[in-house]
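Open the model in your viewer, keep a selection panel at hand, and follow the stops below in order.

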Amino acid sequence: YQRRVRENRQDRMEQITTFEDIQQAHKRIKPFIHCTPVLTSKTLNILSSSSLFFKCENLQKIGAFKIRGATNATLLLSEEMRKKGVVTHSSGNHAQALAFAAKQLKIPAYIVMPSNSPVVKKNAVKGYGAIVTECEPTLEARESTAKTIIQKSGATFIHPYDNRYVIAGQGTAAIELIEQVRSMGQELDAIIVPVGGGGLLAGCSIAAKRLNPSIRIFAAEPAGADDCKRSFLAGKLVPQTSPNTVADGLRTSVGEQNWQIISKLVEDVLTVTDEQIVQAMKLVWERMKIVVEPSGAVPVAVALFSEEWKQKGIKNVGLVISGGNVDLNSLPWSSHPKL
């Protein structure tokens, strides 16, 4: 029994993403992704009483950071595995990212999408040449449909966030952010990263702490989907229950691998209301002239509106804007005028 426990612990250790994984991922994926710009805004600096540096993953290929992890995980497949393709279940940016990565490598992609996924997202995934299978909008249906496809095709499952090499790919955003800010003659005191499944936060935490051990790392989370905050308070992983937030990309539960990293490296989780998220999103659109989705605006909302954050008095702050995929026919300030 003790040997089995040791072996299980060893297996988990081997799955934990390392800084070396992230460095290798950075070199590996460079030809396939954009090095997105870091922008600044005097207006938002004044409103936040800080110097903010925005890592604009909304300007990334497929409009979100997810292309980093999907590309890295796909490139690591053997030739034999590539022939059989890749499969995942996702209603959002990971679906598009994996479909796009597979297209670049000319391999099959099977994407399971809930039947209630936005038509615009289904069409985008199909547009990249992926085979879309619709299912009932439950996690059980998504997982069982993906399992059936794997049995039939032999395709490799690429998890949206709880995967060592997906996490490594996402962490490359922090390497770029820190290097870009240094090229401006500045050093970051902290970074704020949105958290849903936790792949971006976990990867960025590992990279940032290695490149600058004194950097402070904070997670930004919607109050209506605050499982990471509740996990911090409980000292253990607490699953998401009935999330209700405009930030659709952050409704999922934090993954187990990611929690192991986040719980050690992240200083605090700061939550904001949907009203604050939409207000921050609108400010970014109006003042910075860039399209950001609600999930990507969550770190901005923390920097601008969280009293808990402002009390910390941190000067140079990196914010990861995770994506910019929005339905222009259903913008939050149009469909919810009170926001």
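How many bridges join strand 7 to strand 10, and in which sense do the two run? Three bridges join them, and they run parallel; two strands are taken to pair if DSSP finds at least two bridges between them. Helices (H or I, at least four residues) and strands (E, at least two) are DSSP runs, numbered from the N terminus. Before moving on, note that this is a predicted model, in which local features need pLDDT of at least 70 and side-chain atom pairs count only at pLDDT 80 or more, while totals for chains, interfaces and linings use all residues. Residues are numbered from 1 along each chain as its sequence is written, and side-chain values use heavy atoms, with hydrogens and water left out.

Strands of a sheet pair through backbone hydrogen bonds, either parallel or antiparallel.

Now pick out strand 10 (residues 316-321), which is joined by six bridges to strand 2 (residues 51-56), the two running parallel. Within this pairing, Ser-51 has Asn-316 as its bridge partner in strand 10, and Phe-53 has Gly-318. Six of the six residues of strand 10 are buried, where buried means under 20% relative accessible area, exposed means over 50%, and partly exposed lies in between (1.4 Å probe, protein chains only). Asn-316, Gly-318 and Val-320 point one way from the strand, whereas Val-317, Leu-319 and Ile-321 point the other way.

Axes here are lines fitted to C-alpha atoms, for helices over the stretch in contact, and angles run from 0 to 180 degrees between N-to-C directions.

Select Ser-49, in the loop between helix 3 (42-48) and strand 2, and then Ile-62, in the loop between strand 2 and helix 4. Ser-49 has a phi near 60°, a positive value in a residue other than glycine, and Ile-62 likewise has a phi near 60°. Most residues other than glycine have a negative phi, and most peptide bonds are trans. Is each of these residues buried or exposed? Ser-49 counts as exposed at 65% relative accessibility, whereas Ile-62 is buried, with a relative accessible area of 10%.

**Helix 4 and what covers it**

Go on to helix 4 (residues 66-75), where 10 of the 10 residues are buried, so the helix is largely enclosed by the rest of the structure. Its cover includes helix 2, strand 2, helix 5 (79-84), helix 6 (93-104) and helix 9, contact meaning heavy atoms within 4.5 Å.

Two of these covering helices also meet each other: the axes of helix 2 (residues 19-29) and helix 9 (residues 164-183) come within 8 Å and cross at roughly 80°. The two helices are therefore roughly perpendicular to each other, a term for angles of 65 to 115 degrees, with under 35 counted as roughly parallel, over 145 as roughly antiparallel and the rest as oblique. Among the residues that meet are Phe-19, Ile-22 and His-26 in helix 2, and Tyr-165, Ala-168 and Ile-175 in helix 9.

**Strands 3 and 4**

Select strand 3 (residues 86-89) and strand 4 (residues 109-114), which pair in the parallel sense over four bridges. Val-87 has Tyr-110 as its bridge partner in strand 4. Both faces of strand 4 are covered, with Ala-109, Ile-111 and Met-113 buried on one side and Tyr-110, Val-112 and Pro-114 buried on the other.

His-89, in strand 3, counts as buried at 7% relative accessibility. A polar contact of 3.4 Å joins the side chains of His-89 and Arg-142; such a contact is a pair of N or O atoms within 3.5 Å, and within protein one must be able to donate a hydrogen and the other to accept it, with residues adjacent in sequence counting only if both atoms are side-chain atoms.
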